[in-house]
Amino acid sequence: MKSDEGLAAHLETRERVGEKLVSPSAQRNCGPIGQTLAPFLPENAHVLEIASGTGQHGAHMCGLRADIHWQMSDIDAPSRASQNAYALDFPKQMRPSLPLDMMLEGWWQAVSGIDVIYCANMIHIAPWEAALGLAQGCARLLQNGGMLCLYGPFLLEEDSAVSNLEFDHSLKGRNPKWGVRTLESVKHIFADRGLNLRTAIEMPRNNLFLVFALEPKSEI
Ligand SMILES: C[S@@+](CC[C@H](N)C(=O)[O-])C[C@H]1O[C@@H](n2cnc3c(N)ncnc32)[C@H](O)[C@@H]1O
């Protein structure tokens, strides 16, 4: 199934500076995410970013780590144009953005040689099938030991933050297929494909930074 629902998946007004879009929340998150993500990236890592939005996170990471290669992607064409503008600042590290749709079967065939996959703030602003597509693609693209870093809000049963419950409610009001996902359901779909949750780091504003590693399934 191809998705057209990512096209309105920006919840805030994005300012334009030349060809670059600037999202206030992406700007705010660059520092904390950068500090958290950088230690997980092996030297000379090839990183695939899913749902890169404006492109600010990738540009920030390439500024922090001159050794890494960062491939941005998004379903949304105006976002990809912005990502390409940021990529021009890092010609040795970034290539043009790819039009990857997590709901499109086989999306992973457009990519190869990836060590780490990074995805922020997508699975709650897309139908659940996008999370399933992400999990399927990670299992296809990563080698054993390869990592998925997933950032965003999650529901934690009775420990869910009020702000995340309210966010879930407002997302469902915009689109009944959207919604903040439970950590348990997310862990489950990745574990089913051999990606086990290794680390969960608390981030500002009740977000989590999750690190999954691809491991061979035991034969028990
Ligand atoms: C809230 S933005 C997050 C952007 C960026 N990752 C960040 O954290 O600032 C959500 C992004 O998910 C993208 N998106 C939505 N559905 C998608 C899908 N099915 N496949 C790939 N990207 C999708 C949207 O186009 C949008 O850029």
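Predicted model: local features only at pLDDT ≥ 70, side-chain atom pairs only at ≥ 80, totals over all residues.
Student: How many helices and strands does the protein have?

Tutor: Six helices and nine strands. Helices (H or I, at least four residues) and strands (E, at least two) are DSSP runs, numbered from the N terminus.

Student: Why is Asn44 called exposed?

Tutor: A residue is buried if 20 or more other C-beta atoms lie within 10 Å of its own, exposed if 12 or fewer, and partly exposed in between; C-beta atoms are placed from the backbone. Asn44 has 10 such atoms, so Asn44 is exposed. Asn44 lies in the loop between α1 and β3 (46-50). In the protein, 42% of the 220 residues count as buried.

Student: Why are Arg14, Arg28 and Arg205 called partly exposed?

Tutor: Arg14 has 18 other C-beta atoms within 10 Å, so Arg14 is partly exposed. Arg28, in helix α1 (residues 24-37), has 13, so Arg28 is partly exposed. Arg205 has 13, so Arg205 is partly exposed too.

Student: What is Arg14 in contact with, beyond its neighbours within four places in sequence?

Tutor: Two residues are in contact if their C-beta atoms, placed from the backbone, lie within 7 Å. By that test, Arg14 is in contact with Leu21, Val22, Ser23 and Thr54. Arg14 sits in the segment before β1 (15-17). Across the protein, residues 24 or more positions apart account for 69% of the contacts with a separation of 6 or more.

Student: What makes a set of residues a nonpolar core?

Tutor: Such a core is a set of buried Ala, Val, Leu, Ile, Met, Phe, Trp, Tyr and Cys residues joined through C-beta atoms within 7 Å. The largest one here has 53 residues, and Ile50, Ile117, Cys119, Met122 and Leu134 have the most contacts inside it. Helix α4 (residues 128-141) gives the most to this core, with six residues. Apart from its neighbours within four places in sequence, Cys119 touches Ile50, Ala51, Leu134 and Leu150.

Student: How do you know how α4 and α6 pack?

Tutor: Two packed helices are described by the angle between their axes and the distance between the axes. For α4 and helix α6 (residues 183-191), the angle is about 35° and the axes are 9 Å apart. Axes are lines fitted to C-alpha atoms, for helices over the stretch in contact, and angles run from 0 to 180 degrees between N-to-C directions. Ala131, Leu132 and Ala135 in α4 meet Val186, Ile189 and Phe190 in α6. By class, this contact has six nonpolar, no polar and no charged residues.

Methods
Residues numbered from 1 in each chain as written. Nonpolar A, V, L, I, M, F, W, Y, C, P; charged D, E, K, R; others polar.
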